[in-house]
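Trainee: I would like to learn how to read strands and their pairing. Please show me a case.

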Amino acid sequence: MMEKSMVVIVSVLVLAIFPYQVQSYYNSYYWLNIDCGGTNIWEDPLTNQWWGLDNSFIKTGQNILLSVSTDRLPLETLRYFPEGTKNCYSLPLEVPYKYLIRAGFYYGNYDNLFKPPTFNLEIDGNLWATVTTSLGTDPIYHEVIYITRKENVSICLNQTQQGQIPFISSLEAVALGSDIYRLMNNKTALYLEHRTNYGANETFPERFNTLADDFYRFWKPVQLPNYQNLFSGIDNDFSSTVDNLPPYKVLNYAIRGQNISDSIFLPIDFHEKSTQLSAYLVFYFYNVGGPRPVLNNITNQIVYINGVEKNATTIRPYRDCVVVSVYPVNVTGTANVTIAPAQGTTLPPILNAMEVFTTIEVSTSSMSLHSCTSWFVFLGLLYLVL
């Protein structure tokens, strides 16, 4: 019996130490910028981040340099997959951890066929998106907020139609804190539908350096003619410390109603037109009144989605951004957002930025190596006690 107990104790100790031995051979990343099909590493002058090659993360496919140039360097090369119906990247990320993962696609008629393909994009075996490319000059991005469940996250391109060869131009992964997009649960991923910088004109940059935005997000600038399009006159290179750390470069722009009694009406379109989805919406409200706003001016407003009141809030001068997160909201095709004036307001409603996600159900059956080892340790200890 003594010998048996010693064997169990040694086994438990080996299993307890094993994860740390594995970790010494396992290089995980808090961020990755992968130039798919690229042949040189290079530094992005906008974000100050380095872009690396993809051959460490995938062994299939062929590289090609596009004959057309773009203002986004990662899109000038791509990797395409003429063989096999499914080809996968393996990204060594921290686990368990919340990441922003973005895949970029720019066809550029690389094959001279003028036939942009359609194919599926998967993450750890879960359908992420159907990628429909085009002959246009604008790249296509698909972004997801994802909680890792194993040491290597699988990003797969799946051919779904004969002759439609999948390709990819860029892959990014950025670690987020657990409190970023805090209403998200462990059983879902968040698929980005829209991220909008209201009030900024189309020439304003969509993304900024790491000082301004820790997570390298794209914020699409949009001006709306029926509202006041405002700029504070202040160019701030830092991010706010409120929920989700929005950049001040975005918060310093806004749309506001023309009159104190006016509401802001925004129809929000979703990628699925006939299927009911569960949506996650984030609103950013920040006073934009020039460098010296009037102290007594306040904005009281109510947020409605499809006619249902979701939040009432007050925005004051010299206060930080107010963040309103609404989840879950059931939507089909389109959601109608209304920001209406509330009693006591001295200014019309305001909106600086908005993010809109829909949820993706993900499999939770995959366990990491560390998780499996922990179970073995537990079972060994239990056996020893018994």
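Trainee: Is strand β25 (residues 353-361) mostly covered or mostly open, and how many of its residues are buried?

Mentor: This is a predicted model, where local features need pLDDT of at least 70, side-chain atom pairs count only at pLDDT 80 or more, and totals for chains, interfaces and linings use all residues. Residues are numbered from 1 along each chain as its sequence is written, and side-chain values use heavy atoms, with hydrogens and water left out. Strands are DSSP runs (E, at least two residues), numbered from the N terminus. Buried means under 20% relative accessible area (1.4 Å probe, protein chains only). Strand β25 is mostly covered: eight of its nine residues are buried.

Trainee: Which strands pair with β25?

Mentor: Strands of a sheet pair through backbone hydrogen bonds, either parallel or antiparallel. Pairing here takes at least two DSSP bridges between two strands. β14 (residues 188-198) pairs antiparallel with β25 over nine bridges. There, Thr188 faces Glu361. β19 (residues 276-285) is also antiparallel to β25, with six bridges. In that pair, Leu281 stands opposite Val356.

Trainee: What is the order of the open sheet of three strands?

Mentor: The order is β16-β17-β24, with antiparallel pairing. The edge strands, β16 (228-231) and β24 (350-351), each pair on one side only. Two bridges join β17 (residues 253-256) to β24. Ile255 has Leu351 as its bridge partner in β24.

Trainee: Is Asn300 buried or exposed?

Mentor: Asn300 lies in strand β20 (residues 299-305). Its relative accessible area is 11%, so Asn300 is buried. A polar atom of the Asn300 side chain lies 3.1 Å from the backbone oxygen of Gln343.

How values were computed: Helix = DSSP H or I, 4+ residues; strand = E, 2+ residues; numbered from the N terminus. Buried < 20%, exposed > 50% of the residue type's maximum accessible area, 1.4 Å probe, protein only. Polar contact = N/O pair within 3.5 Å; in protein donor to acceptor, adjacent residues only side chain to side chain.
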